Amino acid sequence: MKNTEVPLHKNALGDHIIHVEKVNKIFPNGVHALRDFSTNIRRNEVLVIIGPSGSGKSTLLRCINGLEQIDSGIIIVDGIPLDDDKNHRLEIRIEVGMVFQLFNLFPHMTVLANINLAQKRVRKKTTAEATETTMDLLERVGMVDKADSYPGQLSGGQQQRVAIARALAMKPMVMLFDEATSALDPEMIGEVLDVMRNLAKEGMTMVVVTHEMGFAREVSDRVIFMEDGRKVEEAAAAQFFTNPKEERTQQFLSQIL
Amino acid sequence: MIIKRAKIKPLDVVLVFMLLSFGLFLAYRISVGLHYKWNWSVIPQYLFRYDPDLNGWLPNLLVQGLFNTIRLSIWGTLFATILGTALGMCRISQSLFKRLLGRTYVELIRNLPPLVLIFIFYFFVSDQIMPVLGVEEFVRSRSESTQKILAFLFAPPSQFSAFLSAVFTLAIFEGAYIAEIVRAGIQSIEKEQWEAGHALGLSRRHQMFDVILPQATHRILPPLAGQFISTIKDSAIVSVISIQELTFQGMELMSATYLTFEIWITVSLLYLMLTLSLSVGVGRLEVRMRKRY
């Protein structure tokens, strides 16, 4: 893999693991989902992104791991620029784990096989090596006894915990959570948030799109409030929730808190 | 679902009466108008014949034809599935060239009369491809026992090359339909499954073969089995290139015996026996597939 320019970016970024600069994303249907969006994410940081639906939160996550092509701007992940180079794109999506709103587990595979697959195919591990990692991860998310179940036999909360374990199995440097609890029944939200909370404590770098304000308040280091593809306000968590500057932010918070 | 008990209404009675009288009318026209002499008694000997040397019953023309039809359909469907899967994947490839290739193939084949295709392919395949591959010599140079196995699975050495040509022709033809089944099956898998694979760093190839295809196969299987039944019916068309399958044998017998109705009714029954029993099987398969995850 050729990435001779990597050291240069690394120096330029300092402790920033993700660098997003003036990113624009316009969907084919004309929706301008991201407008000149810029931010930096530091190593070990938990960044929470909130905002009304359609504000571009999910699009931002999807752009960072290359699920959507950006129209202009720069995204650099751990010194690797997200450009047209296939190897760069591959490296980034290996290094960035993603958890989806609807879990997206592979329904034809057991929990074990779901988590083993990418380890074997991408990390070239043997089944035994992969299984060892998988069982450790299942232990962490409290799902060891479900290793041989199929996703269809699990509750939503259980599926999402498996999905988190699946993403972690690639040993990503950053985890993106795209409304990970929005599709869950209220009584299952807690178990997934617990897993996320532990991850944050362990120092995982996380970008979390969520509507769980309590969780955001408790876990996040920094909060970004988005609307219409723009960053309306960005602040340290404590300040954001107690003393938001922008009127729009105050209005949004008053509606949901 | 609410199933209403069937009730016989006056209209039904009229319809049944009309159908019955039409049947009677047909029978009358055939026996009186055509002066047709029914002779069913000779048909069984064309199904099985008694061999005094072996002191046993052997399949005769019609049953041999039926076996050839089954062989043709099985091999035809098998190769068509391989071809169709490859081209079905081409249809949704990211490469424009592959998409064009798949599209051209499917549109070309599906928009031409099969009979025309058969003539083009058959004469090209049997004239140009088979001699180059050296199929004939290959079969003839095998040991006797191997030849017997090949004769059981495909055709005896003298007809081997023609049989393979027919199989490939059929496969190319059915492949276009299977390509569409495969394409639809793959596209029926939610795009989130691709995305999950993508986010894990799987290559597009692995996304396809580990994640999408296994799920698609599940949905493809019932229509694929249906296509197998179509292949059985379509295989009649290779009778025009002298493959001794059921329809060809029927034509041969008819020109020798002039027992038009007896022979074609028998041939129809043999086809129905195959296709109807498979239809029931496919129906069961669909129900079973729907139950799983």
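This is a predicted model: local features need pLDDT of at least 70, side-chain atom pairs count only at pLDDT 80 or more; totals for chains, interfaces and linings use all residues.
Modeller: Residues are numbered from 1 along each chain as its sequence is written, chains are lettered from A and ligands numbered from 1 in the order in which they are written, and side-chain values use heavy atoms, with hydrogens and water left out.

Biologist: What makes a set of points a cavity, and how many of 30 Å³ or more does the search find?

Modeller: On a 1 Å grid over the protein atoms alone, a cavity is a set of points where a 1.4 Å probe fits but cannot get out, and a pocket is an open set with protein on both sides within 12 Å along at least five of seven lines. The search of the whole structure finds 1 cavity of 30 Å³ or more. The largest cavity has a volume of about 50 Å³, a volume being the space filled by probe spheres set on the points, which are joined across faces, edges and corners.

Biologist: Which residues line the largest cavity?

Modeller: Lining residues have an atom within 4 Å of a point; here they include A:Phe100, A:Arg166 and B:Leu200. The lining divides into 9 nonpolar, no polar and 1 charged. Ala, Val, Leu, Ile, Met, Phe, Trp, Tyr, Cys and Pro count as nonpolar, Asp, Glu, Lys and Arg as charged, and the others, Gly among them, as polar. Helix H6 (156–168) of chain A gives the largest share, 3 residues. Helices (H or I, at least four residues) and strands (E, at least two) are DSSP runs, numbered from the N terminus.

Biologist: Why are E6 and E10 of chain A said to stand at the edges?

Modeller: The open sheet has the order E6-E7-E8-E3-E9-E10 (chain A), with mixed pairing. E6 and E10 of chain A each have a single partner strand, so one side of each is left without a neighbour in the sheet.

Biologist: How do you know that E7 and E8 of chain A pair?

Modeller: Two strands pair if DSSP finds at least two bridges between them.

Biologist: What is the volume of the largest pocket, and which element gives the most to its lining?

Modeller: The largest pocket has a volume of about 1,200 Å³. H10(B) gives the most to its lining, with 6 residues.
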